[in-house]
Amino acid sequence: MPLFGNTFSPKKTPPRKAASLSNLHLLDRSTREIELGLEYGSPTMNLAGQSLKFENGQWVAESGSFTGDRREMQRLRKRNQQLEEENNLLRLKVDILLDMLSETTAESHLMEKELEELKTHSRRRK
C-alpha cells in the first residue's frame with residue numbers, strides 16, 4: 001500500500017482533431033496549382049536587351065530574342081578558353097617560383113648557420 005495515495009495513473013489524452021478541415025489535399029497536383037496559383041513558370045530576366053530564361057539549371061536565351069552573332073559567340077568562347085589556359089599557366093608559374101624562393105631561402109639559412117658555426121669555431125681556436 002503506497003504511503004501517500006494511489007499509484008501513478010495518468011489521465012487519458014483526448015482524441016486528436018482532424019489534421020486539416022480543407023479538402024485541397026485530396027485534389028490532384030494540376031487542380032491544386034490552378035486553385036492555389038502555384039504555377040509560377042520558370043524565372044526570366046532581361047540583360048542588355050536580351051531576355052534569358054532559367055531552364056534545367058542554366059540560363060538560356062529565349063527563342064527569337066538573341067541579337068548577337070554566332071561567330072561572335074564562338075570568338076568569345078575561344079577567347080575565354082585562351083584566357084583560362086593562360087590563367088592556369090600563370091598559376092603554375094607562381095607555384096614554381098614560390099617553390100624556388102622557399103628552396104633558396106632554406107639554403108640561405110643553412111649557409112648563414114654554417115658561417116656562424118665557423119666564426120664561433122675560429123674564435124675558440126684563438
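Glu 72 has a relative accessible area of 35% and is partly exposed, a class that lies between buried (under 20% relative accessible area) and exposed (over 50%), with a 1.4 Å probe and protein chains only. The model is predicted, so local features need pLDDT of at least 70 and side-chain atom pairs count only at pLDDT 80 or more, while totals for chains, interfaces and linings use all residues. Residues are numbered from 1 along each chain as its sequence is written, and side-chain values use heavy atoms, with hydrogens and water left out.

The side chain of Glu 72 meets that of Arg 75 in a salt bridge, with 2.8 Å from N to O; the term requires a side-chain nitrogen of Lys or Arg within 4 Å of a carboxyl oxygen of Asp or Glu. Both residues belong to helix α2 (residues 70–125), and because they are three residues apart, about one helical turn separates them. Arg 75 is partly exposed, at 46% relative accessible area. Helices (H or I, at least four residues) and strands (E, at least two) are DSSP runs, numbered from the N terminus.

The whole structure holds two salt bridges. One of them links Lys 53 and Glu 55, whose closest N and O atoms are 3.8 Å apart. Lys 53 is partly exposed at 27% relative accessibility, and Glu 55 is partly exposed at 37%.

Strand β2 (residues 50–55) runs antiparallel to strand β3 (residues 58–61), and four bridges join the two; strands count as paired if DSSP finds at least two bridges between them. Phe 54 stands opposite Trp 59 in β3. The hairpin of β2 and β3 has two residues between the strands, and Asn 56 in the turn has a positive phi of about 50°.

On its other pairing, β2 meets strand β1 (residues 44–47) in the antiparallel sense, over four bridges. Here Asn 46 has Ser 51 in β2 as its bridge partner. The hairpin of β1 and β2 also has two residues between the strands, and Ala 48 takes a positive phi near 50°. In a regular strand, side chains alternate between the two faces of the sheet.

Back in helix α2 lies Leu 97, which is exposed at 53% relative accessibility. Leu 97 forms a nonpolar surface patch with Leu 89, Leu 92, Ile 96 and Met 100, together about 480 Å² of accessible area. Patches are made of residues with over 30% relative accessible area and no salt bridge, like charges being joined within 9 Å and nonpolar side chains (Val, Leu, Ile, Met, Phe, Trp, Tyr) within 5 Å. Accessible areas come from the Shrake-Rupley method with a 1.4 Å probe, and for residues only the protein chains shown count as cover.
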